Amino acid sequence: MACTRFCEQPDLPAVGGTKNPDVEAVVALAPDVVVVNDEENRIEDADALVAAGVRVHSMSPRTVAAVGPAMLALVDAVGADVPAQFAELEWNRWLDEQRSATPSVRRRCAVLVWRRPWMTMNADTYGSSLLDLLGVDNVFGEASERYPEVTLEEIGARRADLVLLPGEPYPFKERHGTEVADALPDVDVRLVDGRDLFWWGIRTPAAISRLRDALRRT
């Protein structure tokens with residue numbers, strides 16, 4: 001087994017980054033399968049692996065609902081047992097529970113994913129789908145680009161009442177929260193765990209529970 005240098009797997013060898021993997025090193029490991037994601041990995045690297053005879057499994061769910069089927073496909077690809085919560089009936093039951101728990105009074109939110117320039121996300125993203133399940137509307141949901149550049153003034157003009165600053169991909173800190181709050185004094189600005197907002201998969205159910213708690217009005 002191996003991973004990228006950005007993965008939290010210190011016991012595994014690293015074979016480059018997501019955007020610049022060492023394809024030769026990957027091939028030399030003779031893996032049974034390489035898992036890729038279309039947001040993080042380049043198509044030319046996936047194609048190079050396929051050309052070298054490596055089996056490549058792609059998984060890129062854009063919604064919370066799609067995570068369950070993606071996990072089933074992944075465990076099938078790697079020959080692992082299905083985690084109990086991702087068995088089809090259990091996953092569908094859990095989804096129904098989350099939908100029934102969605103608040104009737106919704107919030108209007110902008111999620112900043114980068115700074116200099118400020119960037120956000122549209123509705124065609126896992127993070128936006130997760131927030132929708134929590135009763136939070138993405139004010140940039142209809143943007144034509146998945147990750148458009150924005151300004152703080154645009155956030156105010158779209159009548160957002162909440163701005164989220166996740167800890168990744170940009171490492172937002174308290175000082176950035178102060179910067180945004182100074183520019184948007186009537187908006188609730190909160191730091192959240194970017195892994196909970198963007199890392200789909202085995203952590204999804206617990207992440208939604210944590211984010212629900214983090215977004216409770218105070």
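Leaving aside residues up to four places away in sequence, Asn122 touches Ser128, Asn138, Phe140, Gly141, Ala143, Ser144, Glu145, Arg146 and Pro148 (contact means heavy atoms within 4.5 Å). The model is predicted: local features need pLDDT of at least 70, side-chain atom pairs count only at pLDDT 80 or more, and totals for chains, interfaces and linings use all residues. Residues are numbered from 1 along each chain as its sequence is written, and side-chain values use heavy atoms, with hydrogens and water left out.

**Asn122**
- Asn122 sits in the loop between strand 3 (107–111) and helix 5 (126–133); helices (H or I, at least four residues) and strands (E, at least two) are DSSP runs, numbered from the N terminus.
- Asn122 is buried, at a relative accessible area of 5% (buried means under 20%, with a 1.4 Å probe and protein chains only).
- The side chain of Asn122 reaches the backbone oxygen of Glu145 at 3.1 Å.

**Nonpolar cores**
- The largest nonpolar core has 25 residues, and those with the most contacts inside it include Val64, Val111 and Leu130; such a core is a set of buried Ala, Val, Leu, Ile, Met, Phe, Trp, Tyr and Cys residues joined through side-chain atoms within 4.5 Å.
- Helix 5 gives this core its largest share, 4 residues.
- Apart from it lies another core, of 16 residues, among them Leu152, Ala160, Val163 and Tyr170.
- Val64 touches Trp91, Trp94, Leu95, Tyr126, Ser129, Leu130, Leu133, Thr204 and Ile208, not counting residues up to four places away in sequence.

Methods
Buried < 20%, exposed > 50% of the residue type's maximum accessible area, 1.4 Å probe, protein only. Polar contact = N/O pair within 3.5 Å; in protein donor to acceptor, adjacent residues only side chain to side chain.
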